[in-house]
Amino acid sequence: MTRLGDTIKKARLGAKMTEKALAKKCGVAESFIKEVEAGRRIVSDDQAQRILKALGVKNPVSAELEVANEGEVKLRPKPRPYIIPVPQPEKKETPEETHAAGEAADAWLDALGGVVKRVPVIGEDNVVIDHVLTPVIGGKIEGGHPEKVLYYRCPDDSLRGFRIYAGDLLLTVPAKAVVSNAIMLIQRDGQRIARKITKMDGGRLNVQSFDVDFVSEILPAQDVYVLGLCVKLVRSL
C-alpha cells in the first residue's frame, strides 16, 4: 500500500463509505478504488484530487498525497539499429604494400633479435632456400654464434639408416675439427653433404652414409673439409 492509497482508505473508512459507493461518486469502477488503495494502480494527480475531494479531504494537493513521489515508469529505450555486415572481397596487396609489410616484419625481427633469429636454410649447393625462426638463448643458438649457424636441408635419403630423411633440416654450428661418431657437415667436390664421421687411428676418418646399404669410406683427415657439427634435427612433415 502507498501513502496515497493509505490516505484514501483512511478517509473512506472515516466517512463510513464503501469502495463501491466511493467509486460511484467518483464515476469509476469499484475495482479501480480497490487497486488504488492497495497500491497496485498508479493514478494521476487529477484522479487523486477528485477521489480525495469526494471524501471531503481538505487541501488534497499537499505533499501528504505523495502523488509526485509515485515511481516513475521508465520507457524502454528504442533498440539500436543493427546492420548485418556484408563480407567484403579480399583486397590484393600491391607490390608496394607487400614490400612495406616485409619491412615491418623485418623491424619486428630486429627488435626481437635477442630472442629469436632468422636462421638461413641451405641446400647442397650452398644456396639459401628458406629461413627458420630459432630461439636465441644466452646469446647463443645451440652453443653457436647466431650469425654463424645454419640449417642444412638433406637432399636425399643417404642418412636414412641414421633416421635422417630427405627434406629434414640439420641445425649446424661452426666446427673446424671432427667430433667422433657425430653427424658432420662437410664439403666434397664442391658440394655440402652431411655424413656420420668416426675418428680412426693414424689420423684417418671413417665417413659413413646409410641409404639402402651401409657405405663406409676411409679418408685421411686432411682430405675432409669440415664445415660444422649437426646438433639438432628438425623433421620434415
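These legends cover close-up views of a predicted model.

Numbering starts at 1 along each chain as its sequence is written. Local features need pLDDT of at least 70, side-chain atom pairs count only at pLDDT 80 or more, and totals for chains, interfaces and linings use all residues, while side-chain values rest on heavy atoms, without hydrogens and water.

**View 1. Helix H4 and its buried residues.**
Helix H4 spans residues 45–54. Helices (H or I, at least four residues) and strands (E, at least two) are DSSP runs, numbered from the N terminus. Ala-48, Gln-49, Ile-51, Leu-52 and Ala-54 of H4 are buried; buried means under 20% relative accessible area, exposed over 50%, and partly exposed in between (1.4 Å probe, protein chains only). The buried residues pack against helix H1 (3–14), helix H2 (19–26) and helix H3 (30–38). Contact means heavy atoms within 4.5 Å. Just after H4, Gly-56 has a positive phi of about 80 degrees.

**View 2. H1 against H4.**
The two axes come within 10 Å and cross at roughly 20 degrees. Axes are lines fitted to C-alpha atoms, for helices over the stretch in contact; angles run from 0 to 180 degrees between N-to-C directions. H1 and H4 are therefore roughly parallel to each other. Angles under 35 degrees count as roughly parallel, over 145 as roughly antiparallel, 65 to 115 as roughly perpendicular and the rest as oblique. The H1–H4 crossing is left-handed: the near helix is turned anticlockwise from the far one by less than a right angle, whereas clockwise would be right-handed. Leu-4, Thr-7 and Ile-8 of H1 meet Ala-48, Ile-51 and Leu-52 of H4.

**View 3. H2 against H4.**
H2 and H4 pack at an angle of about 115 degrees, with axes 10 Å apart. Their crossing is right-handed. Leu-22, Lys-25 and Cys-26 of H2 make the contact with Arg-50, Ile-51 and Ala-54 of H4.

**View 4. The nine-stranded sheet.**
Nine strands form an open sheet with mixed pairing, in the order S2-S1-S3-S4-S9-S5-S6-S7-S8. Strand S2 (128–135) and S8 are the edge strands, each pairing on one side only. From one strand to the next, the twist averages 40 degrees. Two strands pair if DSSP finds at least two bridges between them. Strand S3 (residues 150–153) and S4 are antiparallel over four bridges, and Arg-153 stands opposite Leu-169 in S4.

**View 5**
Five of the seven residues of S7 are buried. S6 and S7 pair antiparallel over five bridges, with Met-200 opposite Arg-204 in S7. Their hairpin has three residues between the strands, and Gly-202 there takes a positive phi near 75 degrees. S7 also runs antiparallel to strand S8 (residues 214–220), joined by seven bridges. Ser-209 has Val-215 in S8 as its bridge partner. Three residues make up the hairpin link from S7 to S8.

**View 6. Two nonpolar cores.**
The largest nonpolar core has 22 residues; Met-184, Ile-186, Ile-197 and Val-224 have the most contacts inside it. Strands S1 (116–122), S4 (169–174), S5 (182–188), S6 (191–200), S7 (204–210) and S9 (225–234) each supply at least two of its residues. Such a core is a set of buried Ala, Val, Leu, Ile, Met, Phe, Trp, Tyr and Cys residues joined through side-chain atoms within 4.5 Å. Not counting residues up to four places away in sequence, Val-224 touches Ile-186, Ile-197, Leu-205, Val-207 and Leu-219. Apart from this core lies another, of 16 residues, including Leu-4, Ile-33, Ala-48 and Ile-51.
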